[in-house]
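Welcome! Here is a short briefing to read alongside the structure, arranged by topic so that you can follow each part in your viewer.

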Amino acid sequence: MSFTPARGGADRSYDLVRQSLLQSDSLPFSDALTSEQIEQAFVAEGVSFGDTGCDANEALSEHLGTVYTMGVTLWAMLSQALLTDVQRSCRSAVQRVAVYYALLGVDVSSKNTGAYCRARAKVTEGVVRRLAKGMAERCESAVPSEWLWKGFRPRLIDGTTFSMPDTEENQAEYPQSKTQAEGLGFPILRAVAVTSLITGMVLDLATGPYAGKETGETALLRSLFGIFRRGDLAVFDRYYAGWFRLALLQELGVEFVTLLHQFREANFHRGRRLGQRDHVVAWPKPAKPQWLDHETYDRLPAELEIRELQVSVDIPGFRSESLVVITSLCNHRVYSRRDVAALYRRRWLVELELRDIKSTMQLDVLRRKTPAAVRQELWTGLLAYNLVRQSMLQSALSGECSAHELSFAASLQMLANTWVLAAIPPTQTGVGRESLVALRVQNGHAQRVANRPDRVEPRAVKRRPAPIALLTELRETARAKLIAGTGT
């Protein structure tokens, strides 16, 4: 895109993101992402648009520092994450930038995507990751104390995967599943996320290949231990409930609630009895695993004190009739069986949060052609996700309810529908900014989701997909057969 800036035209750069998010200093959590914090993230990561890296004869180069400033580029990247389908393309992002500048009185001479793509490539994964994690931490520290669980900050942990284009670079770093023939699969990125039960935001995310040594979810989780602090409460499923992971969490001062690992059995005739099928037992330290160094192994205690309690599930349609929940919260008078079981049940919220990221925001299949660009796209999407959650927190306080009672899709749609309009100064749009902010907050707490923890639905769909055959050979081979008249 090539522009001829009109005299007097203004580029608010970093302020642009905050404007489009319909933020106001009078709202809670409004300082979770400020213009200064955005600028500091670019500086901390050493990102500068001063050197375009383009040939001097290329007309596109002059716009990296004039039209596509760092703030405008980040604004366009976030718009791609918030919008879906054809609105996510680079051409569509360039058109939104053109609309923004046109409303500011700037002439548009072309709509070439080259300048934007060059500018976007300069924004590293580190910038968007730093912004996403920073705003999640600031929102977490600003929540009302009554939102905590018995004084704890619950963290939810779960794993997932993402797909991406089948390029040589992506396949080299994130190989496809070994069960698929070469050329017929897609690269797979494995990820483990830590989210906040209070805010619903992604606190951190570790990524790696789908297969290979030390690439499993448990290894990725260990790389995230640095974000945990004393006073945190980790909630996760039984897959992560190995002895050493529990011991390492306790060493950090982190409590946990999870299910008994599938390789263990509870014997309620042993240990210190707290109630019916509720006791505290000592788990001795197993032999050292290969991934753990000797120094850490020797430092860990000889045994762990674990509370085991059996919870009956009498809901029709549920697969399990009873579950054994384990926890480090051994004081049954403070943390009752009902409290602990109810908390573990809320672990399911992380599944809904990942669904919002992958399905509602359509980030399950990433679009970039290189691993670094894929990670940048993913973290840009997570930054956009956290920004939507920030909007929901503000609506929740206004509506005196929990953020998890509100519709993520409705909040996402509001920000997407007002993205360009909200970026323009009120003096040029004739629209009172305060009315748009109020509409956004009111829309958030008016759109509530049903409380359906006991919903039972078959894992099947009624609508049939289009009857298109699967590609079972290389595309070049299939194309050659069609040309030869031997294929279908």
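Rings of Phe, Tyr and Trp (its six-membered ring) count as a pair if their centres lie within 6.5 Å. With that rule in hand, W75, Y100, Y101 and W419 form one aromatic cluster. Please keep in mind that this is a predicted model. The chain has 488 residues, of which 51% count as buried, and it holds 18 helices and 11 strands. Among contacts with a separation of 6 or more, 71% are between residues 24 or more positions apart.

**Aromatic pairs**

- A pair of aromatic rings is described by the distance of the centres and the angle of the planes.
- The rule for ring pairs gives a count of 14 aromatic pairs.
- One of them is W75 with W419, a stacked pair with 6.0 Å from centre to centre and 20° between the planes.
- This pair links distant parts of the chain, since W75 belongs to helix α3 (residues 70-82) and W419 to helix α15 (residues 419-423), 344 residues apart.
- Both W75 and W419 are buried.
- Y239 and Y240 form an edge-to-face pair, with centres 5.4 Å apart and 80° between the planes.

**Charges over rings**

- The charged end of K150 sits over the ring of W149, at 5.9 Å from the ring centre.
- K358 lies over the face of F162, and here the distance to the ring centre is 5.5 Å.

**Nonpolar cores**

- In soluble globular proteins, nonpolar side chains tend to be buried together.
- The largest nonpolar core here has 113 residues, and the members that touch the most others are F42, Y68, L74, W75, I157, F236 and L383.
- Which element gives this core its largest share? Helix α13 (residues 371-399) does, with 12 residues.
- Setting aside neighbours within four places in sequence, F42 is in contact with Y14, V47, M70, L74, V123 and V127.
- Another core, of 18 residues, lies apart from the largest one and includes F152, V257, V325 and Y344.

**The nine-stranded sheet**

- Strands of a sheet pair through backbone hydrogen bonds, either parallel or antiparallel.
- Nine strands make an open sheet with mixed pairing, in the order β5-β4-β3-β6-β7-β11-β10-β9-β8.
- Why do β5 (202-209) and β8 (272-275) count as edges? Each has a single partner strand, so one side of each is left without a neighbour in the sheet.
- From one strand to the next, the twist averages 25°.
- Strand β4 (residues 188-196) pairs with β5 in the antiparallel sense over seven bridges, and the bridge partner of A193 in β5 is L205.
- Strand β7 (residues 255-259) is antiparallel to strand β11 (residues 322-327), with three bridges between them; L259 stands opposite V325 in β11.
- Strand β10 (residues 303-312) also pairs with β11 in the antiparallel sense, over six bridges, and S312 stands opposite S322 in β11.

- R277 is not a glycine, yet it has a positive phi of about 50°. R277 is found in the loop between β8 and β9.
- With a relative accessibility of 44%, R277 counts as partly exposed.
- E400 is another residue other than glycine with a positive phi, near 55°. E400 has its place in the loop between α13 and α14 (408-417).
- E400 counts as exposed because its relative accessibility is 74%.

Conventions
Residues are numbered from 1 along each chain as its sequence is written. This is a predicted model: local features need pLDDT of at least 70, side-chain atom pairs count only at pLDDT 80 or more; totals for chains, interfaces and linings use all residues. Side-chain values use heavy atoms; hydrogens and water are left out. Rings of Phe, Tyr and Trp (its six-membered ring) pair if their centres lie within 6.5 Å; planes under 30 degrees apart count as stacked, over 60 as edge-to-face and the rest as tilted. Helices (H or I, at least four residues) and strands (E, at least two) are DSSP runs, numbered from the N terminus. Buried means under 20% relative accessible area, exposed over 50%, partly exposed in between (1.4 Å probe, protein chains only). A charge sits over a ring if NZ of Lys or CZ of Arg is within 6 Å of the ring centre and within 35 degrees of the ring normal. A nonpolar core is a set of buried Ala, Val, Leu, Ile, Met, Phe, Trp, Tyr and Cys residues joined through side-chain atoms within 4.5 Å. Contact means heavy atoms within 4.5 Å. Two strands pair if DSSP finds at least two bridges between them. Axes are lines fitted to C-alpha atoms, for helices over the stretch in contact, and angles run from 0 to 180 degrees between N-to-C directions.
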